[in-house]
Amino acid sequence: MDVAWMLLLLLLFPLLMWTSSTFVFYFKKFFYVAWMMFLAILGIPICLLKSGGRDVENMRIIRSMVRHVKYLFGLRIEVRGWEHLQTEGPYVIISNHQSSLDVLGMMEILPDRCTTIAKKELVYAGTVGLICWLAGIVFINRKKTNDAKSVMADAAKTMLDEQVRLWVFPEGTRNQNGDLLPFKKGAFHLAVQAQVPIIPVVFSSYNSFYLRKEKQFNSGVIRLRILPKIETKGLTSDDVSCLSDQSHSLMRTAFLEISDSVAKSNGPLKH
Ligand SMILES: CCCCCC/C=C\CCCCCCCCCC(=O)SCCNC(=O)CCNC(=O)[C@H](O)C(C)(C)COP(=O)(O)OP(=O)(O)OC[C@H]1O[C@@H](n2cnc3c(N)ncnc32)[C@H](O)[C@@H]1OP(=O)(O)O
Ligand SMILES: CCCCCCCC/C=C\CCCCCCCC(=O)OC[C@@H](O)COP(=O)(O)O
C-alpha cells in the first residue's frame, strides 16, 4: 500500500509542478523569449528580402509579426488616445518601461517609420538582436554618457533627414515599482535638438497580472493611453529640465489613474 501511495505521489508531482504558478511563470517567460526568437528567425529573411538591410521600414514587418503574441498570453490591450498619433512628420514618443512585455503594447500602436532607442546589450540577443538591428534600432551605451549623447545627437539629425520617429523609454531601465522612475534627459534633448513634438504614451501597471519577484504571470488587461503631443518649437537646451518635469508629471498622473482602474478590472492576483 505504501509503495502504491509513493508511486501515485511520484506521478502526481509533475502534475502539481505543472499547475503551480511558479512553474507557469517560468514556462511563460521561457516561451515568450523562445517565441520571439523564433519569430525573428522567420522575420530576418523577410526584412532582408524587402529592404536589403538595416531600414526603419522593417519595423512594419516586426509589428505585423508580433501583434498576435498577446493572445498567446491571454493579454488584452486597450488603447485610448489614437487621435494624438495623427501627427505628420517626425516626433519622439516617450513611454514608461516595465518589462520586455512592453514590446507587445508598443507593437499595438507603433506608427510607421518609428524605431526605438535601446541599450547596446540587446544587439547580442541572438536573432532578436539581429532583427532589432535590421529595424534601425539605435543602440546606446548607458555606461558611457558622452557616447550615448553623441549617438542621440546623430539620431536627432537622422530623424529630420530621413523622416524617422523615435520611441524612447526615458526611465532608462525597466521598472515595476508601481510608480515612474525619474526621467533621464536624452529624449528631451533629442526632441529639442530636432525641434519635433513629444508624444507621451503610458502603459498601465502590470502588477495585477505580472509580478517578477513573486513569480506570477497570469492573463490580464493592459491599458495604453496616448497623451496629447507636447510641442518643442522654439525651445532650447535650457528648457529641457522643465520639459522633462512637465512630461513626468503628466505621465505619472495618467499612470496612476489607469493602473488603478486596470487593477480593478484585472482583479486581485491569486497566490
Ligand atoms: C519578427 C519578430 C521579432 C520579435 C522580436 C523583436 C521584438 C521587438 C523589436 C523592437 C522592440 C525593441 C524594444 C526595445 C526596448 C529596449 C529598451 C531599453 O533598452 S531602455 C534602456 C535604454 N534607453 C535609455 O537609456 C533611454 C535613453 N537614455 C537617456 O536618454 C539618457 O539621458 C542618456 C543615456 C543619454 C544619459 O544618461 P545619464 O547620464 O544616466 O543621465 P542624464 O541625467 O539624463 O544625463 C546626464 C547629463 O547629460 C545631459 N544630456 C543627456 N542627454 C543629452 C543629449 N542628447 N545632449 C546633450 N546633453 C544631454 C543631461 O541634461 C544631464 O545634464 P544636466 O546638466 O544634469 O541636465
Ligand atoms: C544569445 C541568446 C540571448 C537571449 C536573449 C533573449 C533576448 C530577449 C528575447 C525576446 C524578448 C523580446 C523582446 C525584446 C525586447 C525587450 C528588451 C528589453 O526590455 O530590454 C530591457 C531593457 O530595456 C532594460 O534593461 P535593464 O533592466 O535596464 O537591464
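I began with the network of salt bridges that links E57, R60, R63, D112 and R113, keeping in mind that the model is predicted.

R60 meets E57 with their closest N and O atoms 2.6 Å apart, and R113 forms a salt bridge with E57 at 2.8 Å. Because R113 sits in the loop between α5 (102–109) and β3 (114–119) and E57 in the loop between α2 (21–51) and α3 (58–66), this second pair ties together parts that are 56 residues apart in sequence.

Next I turned to K157 and D161, whose side chains meet in a salt bridge of 2.9 Å, N to O. Both residues lie in helix α7 (residues 145–161), four residues apart, which is about one turn of the helix. K157 is exposed at 53%, and D161 is exposed at 52%.

For the whole protein I noted 13 salt bridges, drawn from 32 positive and 23 negative side chains, and the centres of the two sets lie 4 Å apart.

Finally I recorded the fold: the protein has nine helices and nine strands, and 47% of its 271 residues count as buried. Of the contacts with a separation of 6 or more, 79% join residues 24 or more positions apart.

Definitions and conventions
Residues are numbered from 1 along each chain as its sequence is written. Chains are lettered from A and ligands numbered from 1 in the order in which they are written. This is a predicted model: local features need pLDDT of at least 70, side-chain atom pairs count only at pLDDT 80 or more; totals for chains, interfaces and linings use all residues. Side-chain values use heavy atoms; hydrogens and water are left out. Helices (H or I, at least four residues) and strands (E, at least two) are DSSP runs, numbered from the N terminus. Buried means under 20% relative accessible area, exposed over 50%, partly exposed in between (1.4 Å probe, protein chains only). Contact means heavy atoms within 4.5 Å. Lys and Arg count as positive and Asp and Glu as negative; His and the chain ends are not counted. The place of a charge is taken as NZ of Lys, CZ of Arg, CG of Asp or CD of Glu. A salt bridge is a side-chain nitrogen of Lys or Arg within 4 Å of a carboxyl oxygen of Asp or Glu.
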